[in-house]
Amino acid sequence: MIMDRIALLLTIVGALNWGSIGLFRFDIVAWIFGGQAALGSRVVYTIVALAGVWCISLLFRAREKYRSLDE
């Protein structure tokens with residue numbers, strides 16, 4: 001499903017951003033959009049958060065798929 005891939009890609013972007021914050025104290029999104037409080041940064045943070053929530057459903061769908069294979 002295309003939405004799954006988009007959500008996974010956005011979650012990876014968020015993870016890389018958090019990695020750069022943790023390792024280098026450098027927020028890539030804030031740097032691109034001019035600060036953490038900038039509208040662009042807040043939009044990106046919100047979209048990445050929604051993608052993370054969507055990816056939670058991937059865990060349950062994978063579990064359901066394996067259950068149906070066992071039966």
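**Figure 1. Accessible surface and overall make-up of the protein chain.** The accessible surface (Shrake-Rupley method, 1.4 Å probe) of the protein chain comes to about 5800 Å², and 72% of that belongs to carbon and sulfur atoms. This is a predicted model, in which local features need pLDDT of at least 70, side-chain atom pairs count only at pLDDT 80 or more, and totals for chains, interfaces and linings use all residues. Residues are numbered from 1 along each chain as its sequence is written, and side-chain values use heavy atoms, with hydrogens and water left out. Of the 71 residues, 18% count as buried, meaning under 20% relative accessible area, with exposed being over 50% and partly exposed in between.

**Figure 2. Helices of the protein chain.** Here you will find 3 helices and 0 strands, running α-α-α from the N terminus on; helices are DSSP runs of H or I with at least four residues, and strands are E runs of at least two.

**Figure 3. A nonpolar surface patch.** Leu-23, Phe-24, Phe-26, Ile-28, Trp-31, Ile-32 and Phe-33 make a patch of about 810 Å². Such patches join nonpolar side chains within 5 Å, from residues with over 30% relative accessible area and no salt bridge (a side-chain nitrogen of Lys or Arg within 4 Å of a carboxyl oxygen of Asp or Glu). Both α1 (2-24) and α2 (28-33) supply at least two residues each, and α2 gives the most, with 4 residues. Phe-24 belongs to helix α1 and counts as exposed because its relative accessibility is 62%.

**Figure 4. Arg-25 in the loop.** Look between α1 and α2 for the loop that holds Arg-25. Although Arg-25 is not a glycine, its phi is positive, at about 55°. Arg-25 is exposed, with a relative accessible area of 79%.

How values were computed: Patches are made of residues with over 30% relative accessible area and no salt bridge: like charges are joined within 9 Å, nonpolar side chains (Val, Leu, Ile, Met, Phe, Trp, Tyr) within 5 Å. Buried means under 20% relative accessible area, exposed over 50%, partly exposed in between (1.4 Å probe, protein chains only).
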